[in-house]
Amino acid sequence: WVKITEVENADDCRLFAAHLSSNDRCSIQLYQNQLGLFGKISGTTVVNVKTSRKFRDPSAWYHLMIVLDTTQATEANRVKIYVNGVQETALANTTYPPQNYSLAINNAINHYVGQKGDNTGYFDGYMAETYFVDASALSPTDFGEFDDNGIWIPIEYDGAEYPSQDTNHWYLKFDDSSNLGKDSSGNGKNMTSNNISSVDQATDTPTNNFATFNSLALQGASNISISNGGTTLNSQGDTNAWRSAAPTMAVQSGKWYVEFTAAGATTFCGVSNINDYDADVNYYGNWNTSIGFYGISGLLFIDGATQTWSGLDYGSGDIVGIALDKDNGYVYMSKNGVYANSGDPTSGASGTGGVALTTGNSDYSASDYFYIGASHNINSGVLQANYGGYTTDTPSSAASDANGYGTFEYAPPTGFYAMC
């Protein structure tokens with residue numbers, strides 16, 4: 001299972017690879033955002049099977065399965081690609097391996113998860129429930145099923161179909177934060193973790209999908225990107241230029257809570273109507289129907305103008321909480337757990353200390369979808385978002401919402417939830 005949060009890097013990344021050299025290798029890869037199996041032996045391409053469709057949805061978990069069986073007489077049966085339980089039949093490349101051919105995978109060379117094997121082709125996103133099964137061509141129903149809503153979900157693979165001759169199987173469950181490369185199959189095929197540690201374990205999973213920054217909805221200056229599972233907004237150069245990010249989820253109703261770790265005082269955290277996210281106006285509070293809370297002097301911006309507001313200034317390292325009450329039409333801002341303007345997110349229809357979503361927006365409708373995002377204007381700076389599923393800033397309190405979801409520095413107000 002994978003969630004591709006940095007879509008631009010899926011142009012050339014590896015999910016799994018066996019790599020001896022550039023001339024002797026085989027990998028399951030996302031190349032030009034298309035999923036496929038590619039391999040070379042002695043410099044000659046022996047397999048290149050790739051989907052026609054591209055995988056560019058940073059909000060989705062995908063179940064990806066490659067079945068390789070070179071014993072098949074029909075060449076099209078030697079490599080099968082499944083996505084969310086369904087076989088991909090529209091293929092852009094169809095170079096199948098010769099019958100009974102041995103590829104680099106499952107030979108006595110190094111195998112890698114999440115990179116090519118030569119310190120390139122790194123995968124950016126989330127992984128879960130990763131299996132390798134030798135000597136048996138299984139089906140997607142061994143690992144997943146459709147729920148009552150027609151959504152493909154994971155099920156536990158009991159391992160009963162590990163054949164006796166399969167001595168190379170492994171299962172990465174990623175549940176041991178002290179050893180994320182641990183083989184949970186019982187076969188002892190542990191992997192060595194490289195550049196990941198306990199802080200890289202996330203609660204964003206195929207069965208509980210959280211919002212992150214949307215890599216397809218970045219706006220403002222050039223040299224803008226996201227990283228760390230879609231939770232870090234990066235900027236390089238372009239001093240005095242705004243960069244903004246929107247999340248992968250918007251809400252029409254309910255009460256929602258998000259935290260941001262400020263990159264500096266020139267940061268806006270806020271909300272916007274999904275229909276008015278303006279790529280030409282580069283910070284929250286500076287386009288129609290958006291509301292932005294500014295770090296400098298704690299100013300409140302709506303539609304490009306400052307408003308009367310008893311705010312809280314904030315700067316680098318401060319944690320800004322945004323509580324969006326879509327049911328009652330208010331948004332609240334906090335700094336390190338203290339709400340500005342004597343705000344009380346639990347006040348409901350009275351909106352005590354909150355900012356009405358109708359402010360400066362005569363066209364507001366209760367049915368409008370809103371999202372929670374942020375902007376910053378920091379040269380070579382980073383802004384961290386915590387929608388509940390993952391953050392590089394390890395919260396000291398690990399507070400969750402009433403459903404037990406999310407890991408925040410400060411507890412969400414009563415009745416407010418992580419965006420999942």
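The model is predicted. The protein contains 31 strands and zero helices. With 420 residues, a compact globule would have a radius of gyration near 22 Å, and the value for the protein, 24 Å, agrees with this.

**Overall form and surface**

- The C-alpha trace of the protein spans about 75 × 40 × 40 Å along its principal axes.
- Of the 420 residues, 51% count as buried.
- The protein exposes about 17500 Å², and carbon and sulfur atoms supply 43% of that area.
- Among contacts between residues at least 6 apart in sequence, 59% join residues at least 24 apart.
- The side chains include 18 positive and 42 negative ones, and the centres of these two sets lie 9 Å apart.

**The open sheet of β6, β1 and β12**

- Three strands form an open sheet in the order β6-β1-β12, and their pairing is antiparallel.
- The edges of this sheet are β6 (61-62) and β12 (126-127), each of which pairs on one side only.
- Strand β1 (residues 2-3) runs antiparallel to β6, and two bridges join them.
- Within β1 and β6, Val 2 stands opposite Tyr 62.

**Strand β2 and its partners**

- Strand β2 covers residues 12-21; seven of its 10 residues are buried, so this strand is largely enclosed by the rest of the structure.
- Strand β3 (residues 24-31) pairs with β2 in the antiparallel sense over eight bridges.
- A hairpin of two residues connects β2 to β3.
- Arg 14 has Gln 29 in β3 as its bridge partner.
- Strand β11 (residues 111-113) also pairs with β2 in the antiparallel sense, over three bridges.
- In that pairing, Ala 18 stands opposite His 111 of β11.

- Ala 340 lies in the loop between β28 (338-339) and β29 (355-356).
- The relative accessible area of Ala 340 is 1%; the residue counts as buried because this value is under 20%.
- Leaving aside residues up to four places away in sequence, Ala 340 touches Trp 309, Ser 310, Gly 311, Leu 312, Met 333, Ser 334 and Gly 353.
- Thr 141 is 199 residues from Ala 340 along the chain, and the C-alpha atoms of the two are separated by 51 Å.

Definitions and conventions
Residues are numbered from 1 along each chain as its sequence is written. This is a predicted model: local features need pLDDT of at least 70, side-chain atom pairs count only at pLDDT 80 or more; totals for chains, interfaces and linings use all residues. Side-chain values use heavy atoms; hydrogens and water are left out. Helices (H or I, at least four residues) and strands (E, at least two) are DSSP runs, numbered from the N terminus. The radius of gyration is taken over C-alpha atoms; the globule rule is 2.2 Å times the number of residues to the power 0.38. Buried means under 20% relative accessible area, exposed over 50%, partly exposed in between (1.4 Å probe, protein chains only). Contact means heavy atoms within 4.5 Å. Accessible areas come from the Shrake-Rupley method with a 1.4 Å probe; for residues, only the protein chains shown count as cover. Lys and Arg count as positive and Asp and Glu as negative; His and the chain ends are not counted. The place of a charge is taken as NZ of Lys, CZ of Arg, CG of Asp or CD of Glu. Two strands pair if DSSP finds at least two bridges between them.
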